[in-house]
Structures are given as structure tokens and as C-alpha cells.
Amino acid sequence: MNYVFLIKIVPLFISILLGLAIIPNFRLVATEKKMFLPKNGDKANNSLMIGGISIFPIMLIALCVSIALPYLFGMTELRTKVEPTTMRIMQLIVGCSLLFITGLKDDLNGTRGSMKLGVMLMAALMFPATGLWIDNLHGLFGLEELSPYVGIPLTVFIVLYITTVFSLLDGIDGLGSGVGSILLFTFLVFSIWHDSVLMSFVSAATLGCVGPFCLMSLFIKNWRNTIMGNSGSYVLGYVVSYHAIGLSESERMPEEMLMVCIGALFIPMIDIIRVLSSRVRESRTLDRPDRNQFNHMLERTGMPRNLISLTIVCLMGTFVFINTYGVQSHWDPNILFVVDIALWIIIYSAIRFFIHQHESKEFHREWKKVYGEDSWYANIPHETLRRKVEVYGTMGLPQDKMTEIEEYIPDGMNEFERSIKRIVDFVISSMCLIFFSPLMLLSYIAIKLDDGGPAIFKQERLGRFGRPFYIYKFRSMKLDAEKTGPALSHANGDDDPRLTKVGKFLRVHHLDELPQLWNVLRGDMAFIGYRPERKFYIDQIVKEDPRYTFLYQIRPGVTSYATLYNGYTDTMEKMLRRLELDLYYLGHRSWWLDSKILGLTFLSIIFGKKF
């Protein structure tokens with residue numbers, strides 16, 4: 001009936017009206033009291049931290065009024081649907097109240113981490129206490145029904161995780177309100193469509209105050225530095241958890257409803273795992289802030305800051321749309337999960353590409369400002385470019401040809417050709433990583449079984465613009481190969497005693513180079529360029545011939561013109577001869593020359609040529 005539909009969205013209008021009247025006034029009070037986030041080191045923070053303090057009271061008023069309406073107006077149909085949910089209504093109110101009080105204390109005066117975790121755990125345990133826990137994954141990861149010993153801990157973990165996610169998202173320019181708005185709108189549509197009265201009341205009551213808060217943060221300049229604070233983000237995270245578990249458990253919902261919730265939270269869930277794993281790898285404190293989060297990555301692409309939150313909201317909306325469509329079309333949840341992962345990889349790779357492009361341009365701009373336009377092409381101080389040709393020396397050229405040498409050798413490709421080359425490298429490296437993944441896995445296992453040491457060897461090299469990067473290879477030598485200091489890897493050929501049994505096979509067939517596909521994908525290297533060298537050897541080469549720095553104009557390569565005709569180098573004489581070939585390639589490189597080098601490299605590998 002029409003009046004039933006209208007009653008379901010009444011809390012939305014109540015909370016919108018209350019939110020528009022109350023939220024701005026609380027923000028004004030916070031501004032007058034100078035309730036800003038603490039300083040970040042020596043840097044002042046101008047973000048207001050309790051913008052969402054009124055979200056829970058507004059949601060509670062709108063929810064209680066909506067629940068009372070069926071009793072006041074004698075709506076028997078709605079009363080029969082609301083009455084059995086009394087325990088869950090109480091659970092929601094008590095859980096939100098605990099988190100609201102704890103979050104408010106933390107905003108105003110700080111709270112110990114152990115206390116916050118204890119309160120969150122108490123609120124999460126209210127789910128199974130009222131009979132609400134995940135008892136079926138509906139085929140996700142091949143799992144169907146879950147026993148209470150698995151389902152209850154999983155439920156508690158999900159509640160803790162989602163609540164924490166929203167607290168972290170809120171710190172990203174108030175992004176938590178944007179993510180929450182998308183989720184709550186999706187939950188409201190599903191709840192109304194499948195006639196889940198309580199869930200529609202809760203989602204409408206929360207959306208009515210969180211939605212306007214999000215819109216004001218995005219489009220009103222004075223609001224852009226306003227965050228909800230833990231008093232708002234904890235409550236919002238708990239409400240989202242309530243829907244994620246309640247809707248996926250409801251008999252009225254599609255079986256794969258859990259996938260809608262996973263899709264909506266996919267970006268923050270994966271990003272938190274990525275950030276924490278990077279902190280573990282780099283031996284940094286897990287809870288110490290850094291600039292590695294998703295929003296910081298977007299900022300490094302050069303995107304205007306006022307568009308970052310909107311972009312993340314749109315990306316998350318895309319995941320919600322895809323998963324909602326998949327659920328309604330009855331896709332297998334495992335296929336849908338793989339689609340989510342594939343989409344994330346595409347988005348992450350694209351962002352990394354644009355970061356590299358933007359940071360290269362910024363570096364270019366700063367360098368020209370300091371050293372002048374011409375010096376950029378060599379990436380060396382302007383004074384060095386003015387050296388006389390005679391200073392270079394040991395180039396193996398007749399004296400009558402010395403005067404014909406230019407002060408620097410410019411890149412033979414124009415900007416358009418370089419851009420196309422980078423796109424082609426990105427596409428081919430992506431395909432090769434997939435195609436060669438079984439072979440890479442076998443190589444990894446073989447190295448591990450051989451001596452038990454790490455399978456991947458990484459070493460710092462200098463690349464484009466003279467900046468260091470790590471090159472990756474399958475380890476072909478023993479762990480103590482350079483115990484006496486830097487040594488050339490091909491100094492003794494294929495009979496080098498430092499080679500392992502597996503490493504010798506990989507070296508002969510050039511399989512040890514396969515991990516460099518990752519370097520190409522990242523943009524550290526290209527397929528065709530000059531072979532990157534360590535700073536230790538570059539310093540020695542530059543003393544003999546400073547023109548080496550001209551190579552910094554381009555990305556180093558997996559293979560090169562010099563490698564084909566000079567092979568690997570084990571003496572300074574060979575290094576200088578290789579430099580002559582690399583400089584020839586620099587000045588004459590083109591798509592045709594790159595294609596020729598790539599083709600000859602494959603033929604050399606197929607026919608077993610050693611280089």
C-alpha cells in the first residue's frame with residue numbers, strides 16, 4: 001500500500017530536517033571553541049573534529065518517531081512487522097550509545113586504545129547475543145552454512161573491522177560520510193524493495209543526517225575540513241555493520257546480499273590491508289600515520305584536492321553498482337569477488353601510472369628551475385654541459401672527429417612517441433605477467449627448493465632522471481655472492497662458482513629476468529632502453545666519460561641495443577664501449593629501432609646466443 005511505503009521513508013525526511021537545523025549549529029560551536037584535530041608534528045591542523053556529534057541523536061529521534069507511528073495511527077500491518085524486532089532495536093540503540101559516548105570522549109579528551117577496543121568488542125558481541133550473526137556465506141569461497149563457532153567470531157570481527165574502517169575513512173577529509181551515504185542509500189533501496197521494515201527505518205533515519213553532511217563537505221568550501229569525529233564515525237560504522245549482517249541474514253533478501261556490502265567496502269578494506277602490509281614490510285609502527293593511503297595516492301597524481309573525496313565516492317559507487325547488478329542477476333559470488341579484485345587491480349595500476357607521470361613532470365619542472373632548460377636532458381648541472389669535448393676523453397674516436405661531438409645528445413623520440421611507447425610497455429607487460437605466471441611460479445618454487453633462500457633478488461639501480469629504483473630478478477647466485485663488496489654478475493660467465501644449480505639454468509635461458517616485467521609495469525623500466533647500472537659503477541664510468549648522464553633522459557630497459565652487440569660487461573673497457581652503443585640508441589631511437597631490437601633479442605634467446 002502507498003501509506004506503507006511513505007511510512008518507511010518518513011525517518012528520512014525527519015532526519016533531513018533535524019540535520020539541516022542542528023548540524024550547522026554544532027559546527028559553529030566547534031569552530032568557536034577551536035575544536036580542531038591535534039597538530040601533525042609542527043604542522044597545524046585546521047580540521048574540525050566533532051562535525052558528526054549530532055548524527056546519533058538525530059538518527060535516534062527519527063527512528064523512534066518512525067517506530068511509534070504505526071502504533072499512533074493503528075497501522076496493524078506495520079506493527080506486526082516491527083514488534084518481533086524489539087530486541088534488535090534495543091541492540092542497535094545500546095550498541096550505538098556505547099560507541100557514541102566512547103567516541104565523544106576520545107574526540108574531546110582522548111581515550112586509551114585498550115578501552116576503545118573493549119567498548120567496540122562489547123558492542124560487537126551484542127549481535128550474536130540477539131541472535132544476529134552470519135550463519136551462511138551462500139557459496140562464497142565455497143562455503144555454505146557456518147557453525148556458531150565460526151560464524152560468531154566472524155561476525156564480531158566484521159563489526160570491529162567495519163567500525164574501524166569508518167573511523168579511518170573519516171580522517172580522510174571526512175570521506176566516511178560519503179562512503180556511508182552510498183551504502184545507506186543502497187541498503188534503503190534493498191530494504192524497501194524486499195519489505196524489510198526495521199532496516200528501512202534505520203537506513204532512512206541515518207541517511208537523512210549523514211547524506212546532507214556529506215554534500216555540505218563536498219560542495220561548501222567552509223565545510224571541506226569538517227570531519228565527523230569518532231562520535232559520528234563509530235556510530236555510522238556500527239549502523240553499516242548492522243545492515244551488512246542483518247540484510248545478508250534476512251530471509252527476504254537475495255542470498256548474495258553480503259556481496260553488495262563487500263563491494264561497497266571493497267576499496268577501503270583492500271586499502272587498509274595494503275597500507276598495513278607495507279608498514280609491516282618496512283618495520284614501521286602499525287598505527288603510525290603515513291601518506292600511503294588511497295587518498296594520498298590520488299593526491300600524488302596531481303588531482304585537485306577538492307575532487308579526491310568525490311572521486312573515491314564515485315569509485316566505491318561503481319563497486320556497489322557492479323555487485324548490486326551481479327546479485328540481482330544471480331551471479332556466482334566467487335565470480336563476483338574475482339571481478340571486484342580485477343577492477344581493483346586495474347584502478348590501482350592506473351593510479352600508479354598517473355603518479356609516475358605526474359611526479360616525473362614535477363621533477364622536470366623543479367630541475368629546470370634550478371639548472372636551466374638544457375640541463376634537463378642530461379639531468380646534470382648546467383656547468384657540466386658546458387664542458388669542452390676534449391674533457392670527455394677515452395671515446396675511441398679519431399682526433400679529427402672530436403669536434404663533431406655535440407654537448408649533449410637529445411632523445412630521438414618526441415613526446416608523443418614516448419607516450420605511445422610507455423602505453424605499449426604497460427599493456428604488453430600486463431599480458432606477459434599473466435601469460436608467464438605459471439613459469440614464474442615454477443621458477444620461484446625451484447629456487448626455494450634448491451637452497452631455501454629468498455627467490456627474488458632486488459638491487460638498487462639508477463634509472464630515469466638519475467633516480468634510484470629497485471630492479472627485481474630471480475636469484476641465480478648464492479646468498480653470499482657479494483660478501484667482499486660489489487661485483488659484476490657476469491664477471492666469470494656461466495661458469496661463475498657463485499651461481500646456484502637452478503640459477504645457472506635460469507641464467508642460460510634468461511628466465512631470471514622475468515620479474516623485471518613488474519619493473520616495466522610500474523614504469524621503472526621499459527622493454528627497450530639501456531641496461532641500468534648500480535651507482536658504484538656509474539661513478540666510475542662518469543669519471544671516464546661524463547656523457548653517461550645523457551642516458552638519464554630515458555627509462556632503462558630489460559634489453560638494449562648495446563646488449564645485442566656488446567653483451568654483458570665485465571671490464572671498464574666494455575662498459576665504455578657499451579656506453580657508445582647506448583648513446584647511439586639514445587639519439588636514433590624510434591619505434592622501428594625498438595621493434596628491431598626486441599625481435600633480435602627474441603631470436604637470440606631462441607637460438608641460445610649468450611649475452
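Below are exercises on this predicted model, each with a worked solution.

Residues are numbered from 1 along each chain as its sequence is written. Because the model is predicted, local features need pLDDT of at least 70 and side-chain atom pairs count only at pLDDT 80 or more, while totals for chains, interfaces and linings use all residues; side-chain values use heavy atoms, with hydrogens and water left out.

**Exercise 1. The whole chain**

Task: State how many helices and strands the protein chain has, and what share of its residues is buried.

Solution. 
- Step 1: Helices (H or I, at least four residues) and strands (E, at least two) are DSSP runs, numbered from the N terminus. Buried means under 20% relative accessible area, exposed means over 50%, and partly exposed lies in between (1.4 Å probe, protein chains only).
- Step 2: Count the elements. The protein chain has 25 helices and four strands.
- Step 3: Take the share. Of its 611 residues, 51% count as buried.
- Step 4: Look at contacts, meaning heavy atoms within 4.5 Å. Among contacts between residues at least 6 apart in sequence, 71% join residues at least 24 apart.

**Exercise 2. Helix H19**

Task: Find which residues of H19 are buried, and what covers them.

Solution. 
- Step 1: Locate the helix. H19 spans residues 437–451 and has 15 residues.
- Step 2: Check its length. From first C-alpha to last, H19 reaches 22 Å, close to the 21 Å expected at 1.5 Å a residue. The expected span is 1.5 Å times one less than the number of residues.
- Step 3: List the buried residues. They are Met440, Ser443 and Ile447. They cover an arc of only 60 degrees around the axis, so they sit on the same side of H19. The arc is that of the directions from the helix axis to the C-beta atoms.
- Step 4: Find the cover. It includes helix H18 (415–435), strand E2 (468–474) and H20.
- Step 5: Turn to the other side of H19. Leu441, Leu442 and Leu449 are exposed there.
- Step 6: See what follows the helix. Gly452 comes after H19, with a positive phi near 80 degrees.

**Exercise 3. A nonpolar patch**

Task: Name the residues that make the nonpolar surface patch, and the element that gives the most to it.

Solution. 
- Step 1: Recall the rule. Patches are made of residues with over 30% relative accessible area and no salt bridge; like charges are joined within 9 Å, nonpolar side chains (Val, Leu, Ile, Met, Phe, Trp, Tyr) within 5 Å. A salt bridge is a side-chain nitrogen of Lys or Arg within 4 Å of a carboxyl oxygen of Asp or Glu.
- Step 2: Name the members. Leu441, Tyr444, Ile445, Leu449 and Ile456 make a patch of about 490 Å². Accessible areas come from the Shrake-Rupley method with a 1.4 Å probe; for residues, only the protein chains shown count as cover.
- Step 3: Find the main source. H19 gives the most, with four residues.
- Step 4: Ile445 is in helix H19. Ile445 is partly exposed, at 39% relative accessible area.

**Exercise 4. Salt bridges**

Task: Describe the salt bridge of Arg475 and Asp451, then that of Lys535 and Asp539.

Solution. 
- Step 1: Side chains of opposite charge can pair when their charged atoms come close. The whole structure holds twelve salt bridges.
- Step 2: Take the pair of Arg475 and Asp451. Their side chains meet at 2.7 Å, N to O. The pair links distant parts of the chain: Arg475 is in the loop between E2 and H20, Asp451 in helix H19, 24 residues apart.
- Step 3: Arg475 is buried, at 6%, whereas Asp451 is partly exposed, at 37%.
- Step 4: Take Lys535 and Asp539. Their closest N and O atoms are 3.1 Å apart. Both lie in helix H22 (residues 535–544), four residues apart, about one turn of the helix.
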